[in-house]
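Good morning, and thank you for coming.

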Amino acid sequence: MNEARPAAPSRSAPAAEPPLPANLRRNAPLVPTDSAASRALAAVIAILTFLAALCAGAAEIAVSSAGQWQGSVAREVTVQVRPSAGHDIEADVKRAESIARGHPGIVGARVFTKTESERLLEPWLGSGLDLSDLPVPRLIALTLPPDSRPDLSTLRNALSEALPGVASLDDHALWLQRLSVMANTLAGIGIGVVALVLIATGLAVVFATRGAMAGNREVVEVLHFVGADDAYIAKAFQSRFFRLGLRGGALGAGAALLVCALAGLAARAWRSGPAGEEIAALFGTFQIGWQGYAVIVMIGAIASVVTALVSRVTVRHFLR
């Protein structure tokens with residue numbers, strides 16, 4: 001009988017090697033941009049850019065409206081004729097109008113009637129009051145040329161000499177000064193808010209960069225081992241974060257441009273009625289010109305540049 005031969009040992013298949021981490025695979029980016037952290041950072045940058053762009057647009061609208069108010073106020077001066085004992089108010093008004101129209105540089109004059117002058121007091125005194133017994137002054141609105149401002153001192157002296165203690169000239173210098181201060185204040189507030197938003201963006205990038213450096217510590221050590229310097233590593237992080245900032249800045253600026261465009265269309269539709277005209281006269285047209293759109297685009301670009309620079313500085317500081 002043939003003896004049974006022992007079965008030959010079967011060759012076991014080689015054990016599968018564990019896969020390399022994603023950040024250690026060939027051709028893997030040093031800083032992955034499709035991770036959840038990268039998408040969250042891009043969303044944060046987009047939101048902050050959107051808020052900064054809206055604030056800049058609102059400041060531009062306010063400054064533009066203040067400039068329109070300043071232009072309207074600067075083109076008009078007012079002659080005030082006060083009632084006086086022994087004087088005929090109507091005769092004094094006609095004399096003051098004649099002196100004003102004869103002054104060089106005055107292109108128009110409009111005399112407010114007694115009813116119109118009394119109506120100007122309704123916002124302070126209310127409507128329905130009998131003001132016939134009150135010495136309500138009469139007003140003459142003088143229109144100035146849009147391209148130049150005449151010398152009003154001679155007109156003021158002529159009115160004082162012809163109607164002493166009765167007629168006076170108001171050039172609205174106080175209101176112009178207040179409007180200028182208001183416009184500068186609004187512009188300063190807008191710049192301050194935009195700066196704070198950019199600082200918040202930089203802080204978010206700092207934390208994201210440090211997290212990315214901690215998550216890619218093995219890759220950084222290998223790069224150092226093969227001779228890569230800090231400038232190469234910082235450039236890689238800067239390139240990746242610049243793309244994230246560019247994506248977030250473009251989304252935020254695009255959303256802000258869309259909101260401003262829709263607000264302009266809505267304001268144009270509201271102005272079709274009488275209430276809309278009064279709102280536009282008081283608060284402006286709620287529209288930004290090409291300068292405002294350029295500022296919004298520039299804020300998106302600045303957010304991208306800030307993201308890149310902050311990430312580079314953070315990496316350099318981390319690698320020390």
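**Helix packing and cores in a predicted model**

I begin with helix α6 (residues 173–215) and α10, whose axes come within 8 Å and cross at roughly 40°. That makes α6 oblique to α10; angles under 35 degrees count as roughly parallel, over 145 as roughly antiparallel, 65 to 115 as roughly perpendicular and the rest as oblique. Axes here are lines fitted to C-alpha atoms, for helices over the stretch in contact, and the angles run from 0 to 180 degrees between N-to-C directions. Helices (H or I, at least four residues) and strands (E, at least two) are DSSP runs, numbered from the N terminus.

Residues are numbered from 1 along each chain as its sequence is written, and side-chain values use heavy atoms, with hydrogens and water left out.

To return to the pair, α6 passes α10 in a right-handed crossing. A crossing is right-handed if the near helix is turned clockwise from the far one by less than a right angle, and left-handed if anticlockwise. Which residues of α6 meet α10? On the α6 side they are Val194, Leu198, Thr201, Gly202, Val205, Val206, Thr209, Arg210 and Met213. Their partners in α10 include Ile299, Ala303, Thr307, Val310 and Phe318; contact means heavy atoms within 4.5 Å. By class, this contact of α6 with α10 has twelve nonpolar, seven polar and one charged residues. Ala, Val, Leu, Ile, Met, Phe, Trp, Tyr, Cys and Pro count as nonpolar, Asp, Glu, Lys and Arg as charged, and the others, Gly among them, as polar.

Helix α10 (residues 290–318) also packs with helix α1 (residues 36–74), at an angle of about 150° and with the axes 9 Å apart. The two helices, α1 and α10, are therefore roughly antiparallel to each other, and their crossing is right-handed. From α1, the residues Ile45, Thr49, Ala52, Ala53, Ala56 and Glu60 take part; among those they meet in α10 are Gly292, Val295, Ile299, Ala303 and Thr307. Eight nonpolar, five polar and one charged residue make up the contact of α1 with α10.

One further residue of α10 deserves mention, namely Ser304. Is Ser304 buried or exposed? At 2% relative accessibility, Ser304 counts as buried, where buried means under 20% relative accessible area, exposed over 50% and partly exposed in between (1.4 Å probe, protein chains only). Setting aside residues up to four places away in sequence, Ser304 touches Phe242, Gly245 and Leu246.

I turn now to the nonpolar cores. A nonpolar core is a set of buried Ala, Val, Leu, Ile, Met, Phe, Trp, Tyr and Cys residues joined through side-chain atoms within 4.5 Å. The largest has 19 residues, and Val79, Val81, Ala96, Ile140, Leu142, Leu159 and Leu169 have the most contacts inside it. At least two residues of this core come from each of β1 (76–81), α2 (89–101), β3 (138–143), α5 (153–162) and β4 (167–170). Apart from it lies another core, of 17 residues, with Met213, Ala234, Val315 and Leu319 among them.

Arg95, Ala96, Ile99 and Ala100 of α2 make the contact with Leu155, Ala158, Leu159 and Ala162 of α5. Of these residues, seven are nonpolar, none is polar and one is charged.

Val93, also in helix α2, counts as buried at 3% relative accessibility. Not counting residues up to four places away in sequence, Val93 touches Val81, Val111, Arg138 and Ile140. In strand β1 we find Thr78, which is buried, with a relative accessible area of 16%. Beyond its neighbours within four places in sequence, Thr78 is in contact with Leu139, Ile140, Ser168, Leu169, Asp170 and His172.

I close with the chain as a whole. How many helices and strands does the chain have? There are ten helices and four strands. Of its 320 residues, 32% count as buried. Among contacts between residues at least 6 apart in sequence, 82% join residues at least 24 apart.

Note on methods
This is a predicted model: local features need pLDDT of at least 70, side-chain atom pairs count only at pLDDT 80 or more; totals for chains, interfaces and linings use all residues.
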